[in-house]
Amino acid sequence: MEMDRIFGALEAGGTKMVCAFGDENGNILEQQSIPTTTPGETMPRVLDFFRKKEISAIGAGCFGPVDVRKNSPARGTILDTPKLAWRGYNIAKTLSDELRVPVGIDTDVNGSLLGEVTYGTARGLTDVVYITIGTGIGAGIMSGGKLIHGMLHPEAGHMRLARVKGDEYAGKCPYHSECFEGLAAGPAIEERWGKPARELAGRSEVWELEAEYIARAITTLVMVLSPERIILGGGVMHQEQLFPLIRDKVIREIGGYIRTDRLSDIDSYIVPASLNDDQGIMGAVKLAIDAYEESITD
Ligand code: ADP
Ligand code: ZN
């Protein structure tokens, strides 16, 4: 690729839109955060940001559910989100119509995964899971070098989990009584223990239980997808004491049934996100680069 191309990158989240310009090496050149309110209010500001420079393509990692299937006529449409104003809104179409450049779009979690696979801790790997544990829980999945979409996209954050004995908390997910997100996302921690997660840092029972649920979910993902590495990001994972607990529990849950070199090196098998919370926006740069390259080879 010739030098000095600039790419647009958008991390479209439920609370904010992170807009950035990036170069072909994933370096972020300029970044701005815009609150996510309604499309009518938010998108003109997003577009104004991207109009400041001549970009070759734009990539977006978007909150879901969102139609990200390559050949879908509705590609880019945000689906049944609780953010009602965005329901049915086609964010990729707006970017494409207004900016007139190729648009790459994927889920926010696949975007973060792509950032880590391209620029971060999973470089060179082809089978990777990225789990974010924050306001919600989601997982991006790469299998055989491909970001997985399936009929829509996976919703691994809503996998059913066996409840830990003695945990009486009802669960926070309105759809499922005992799913991963409902039992273990930040708001579930806060409701169960009566305080925001970050104020519970010193309470070992909180993180013991949290690690237990995360380990059960990881074990299921290991059994189903056989990833080479699992990356954990999101606000809750800033509690670093979770990592050794999770690793021990995953080993216990697997029960010796799977034996590989990667699993024996559990400290490099289950790892924190490596890009200082920029994995999402850097992944969006890569989505833009890929969209650009596809457009010139078409
Ligand atoms: P979002 O998921 O909304 O994009 P985050 O990944 O920051 O944003 O997740 C926010 C959630 O993570 C909140 O529920 C918050 O309580 C929790 N959280 C944020 N920072 C920390 C921290 N340092 N320790 C524990 N929990 C945190
Ligand atoms: Zn659920």
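Q: What is the strand order in the open sheet of five strands?
A: Strands here are DSSP runs marked E of at least two residues, helices are H or I runs of at least four, and both are numbered from the N terminus. Two strands pair if DSSP finds at least two bridges between them. In this predicted model, the open sheet has five strands with mixed pairing, and their order is S3-S2-S1-S4-S5.

Q: Before we go on, what kind of model is this, and how is it numbered?
A: Residues count from 1 along each chain as its sequence is written, chains are lettered from A and ligands numbered from 1 in the order written, and side-chain values use heavy atoms, leaving out hydrogens and water. Local features need pLDDT of at least 70, side-chain atom pairs count only at pLDDT 80 or more, and totals for chains, interfaces and linings use all residues, as this is a predicted model.

Q: Is S5 largely enclosed or exposed?
A: Buried means under 20% relative accessible area, exposed means over 50%, and partly exposed is in between (1.4 Å probe, protein chains only). Five of the five residues of S5 are buried, so S5 is largely enclosed by the rest of the structure.

Q: Which helix makes a β-α-β unit with S4 and S5?
A: The unit is right-handed: with the strands pointing away from the viewer, the path from the first strand over the helix to the second runs clockwise. The helix, residues 91-99, is H2.

Q: Where is Pro65, and what is omega for the cis peptide bond?
A: Pro65 sits in the loop between S4 and H2. The cis peptide bond joins Gly64 and Pro65, with omega at about -5°.

Q: Is Asn276 buried or exposed?
A: Asn276 lies in the loop between S10 (270-272) and H10. Its phi is positive, about 55°, although Asn276 is not a glycine. With a relative accessible area of 71%, Asn276 is exposed.

Q: What is the area buried between domain 1 and domain 2?
A: The domain assignment, automatic or from a database, gives domain 1 (7-108 + 277-297) and domain 2 (121-272). Buried area is the accessible area (1.4 Å probe) that two parts lose on being put together, summed over both. Carbon and sulfur atoms give 54% of the area, which is about 760 Å².
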